[in-house]
Amino acid sequence: MKKCVLLAGLAWIVFGGHKTVDATENTAMESAISITLKERDLTIQSVQLPDFGKQMLNGKAQAFKSKQDLVVRVKDKRMSAAPWTLRCVFKPGESLEPYQEDITYRIGEGTLSTVVMDKKESIIPLARERYETNSVAINDESENSTSLVKLVQGNSEQETMYEYRVKKNQIVLEIPAGMPAGIYEGAQVMLFTDVPE
């Protein structure tokens with residue numbers, strides 16, 4: 001009797017006692033996803049780089065001044081008195097590698113101002129006690145990055161746009177004697193951080 005029930009149960013499973021699913025049937029389940037994108041609280045908005053243009057070699061060591069100011073605009077949305085620091089790194093390109101130990105990039109002290117947008121743009125210099133600025137000389141033997149300006153006391157009342165400006169006559173590229181004529185390139189990298197030094 002047990003064999004008969006067992007065989008009947010097996011026959012029921014094998015010959016259609018269970019439901020099959022048609023491979024063309026689809027099922028779907030919908031669920032919502034969302035993402036919130038926001039701007040960083042501290043950002044570099046724009047950078048106007050120095051420009052040394054075309055220069056004539058005289059066979060001696062030379063110093064060339066920039067033809068335009070260095071201008072960096074920074075947006076601070078933290079609404080806090082916390083400091084931030086702007087650093088600069090000069091990276092010589094391949095064409096400069098043989099001379100990189102003898103090339104010096106000098107950036108003088110600049111001024112830090114706030115940019116106010118009313119009916120027109122106004123640049124308002126910050127009180128000198130609210131920031132520290134450095135004159136820097138960057139070459140192959142410099143640290144990885146050199147601090148240009150440090151905001152000591154931020155604006156805790158509102159979002160602020162800052163402008164750091166170094167006048168063009170305060171920006172100099174010094175090259176060694178005997179450097180051949182050619183096109184030489186490098187990169188200036190601005191690093192911006194809200195971590196105090």
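**View 1. An open sheet of 5 strands in the order S1-S3-S11-S6-S7, with antiparallel pairing.** The edge strands are S1 and strand S7 (121–125), each of which pairs on one side only. Neighbouring strands of this sheet are turned against each other by 30 degrees on average, direction ignored. The model is predicted, and local features need pLDDT of at least 70, side-chain atom pairs count only at pLDDT 80 or more, and totals for chains, interfaces and linings use all residues. Residues are numbered from 1 along each chain as its sequence is written, and side-chain values use heavy atoms, with hydrogens and water left out. Strands (E, at least two residues) and helices (H or I, at least four) are DSSP runs, numbered from the N terminus; two strands pair if DSSP finds at least two bridges between them. Axes are lines fitted to C-alpha atoms, for helices over the stretch in contact, and angles run from 0 to 180 degrees between N-to-C directions.

**View 2. Strand S3 (residues 70–76) and its pairing with S1 and S11.** Of the 7 residues of S3, 6 are buried, where buried means under 20% relative accessible area, exposed over 50% and partly exposed in between (1.4 Å probe, protein chains only). Strand S1 (residues 42–48) pairs with S3 in the antiparallel sense over 6 bridges, and Val47 has Val72 as its bridge partner in S3. S3 and strand S11 (residues 160–166) run antiparallel and are joined by 7 bridges. In S11, Val71 has Arg165 as its bridge partner, and Val72 has Tyr164.

**View 3. Strand S11 beside S6, with Ser113.** S11 is mostly covered, with 5 of its 7 residues buried. S6 and S11 run antiparallel and are joined by 5 bridges; Val115 stands opposite Met161 in S11. Ser113 lies in strand S6 (residues 111–117). With a relative accessible area of 5%, Ser113 is buried. Not counting residues up to four places away in sequence, Ser113 touches Ile123, Ile124, Pro125, Leu126, Met161, Tyr162 and Glu163; contact means heavy atoms within 4.5 Å.

**View 4. Met79 in the loop between S3 and strand S4 (84–92).** Met79 has a positive phi of about 50 degrees, although it is not a glycine. Its relative accessibility is 45%, so Met79 counts as partly exposed.

**View 5. The largest pocket, with a volume of about 740 Å³.** This pocket is lined by 25 residues, of which Phe52, Gly53, Leu173, Tyr184 and Glu185 lie nearest its centre. Strand S12 (171–175) and strand S13 (186–193) are the elements that give two or more residues to the lining. The largest share, 3 residues, comes from S13. On a 1 Å grid over the protein atoms alone, a pocket is an open set of points with protein on both sides within 12 Å along at least five of seven lines, whereas a cavity is a set of points where a 1.4 Å probe fits but cannot get out; lining residues have an atom within 4 Å of a point. Grid points are joined across faces, edges and corners, and the volume is the space filled by probe spheres set on the points.

**View 6. Residues 2–12, where pLDDT stays under 50.** For residues 2–12 the model has 2 contacts beyond four places in sequence. The mean pLDDT of the chain is 81, and 82% of its residues reach 70 or more; pLDDT is the predictor's confidence in each residue, from 0 to 100. Where pLDDT is low, the predicted coordinates should not be read in detail.
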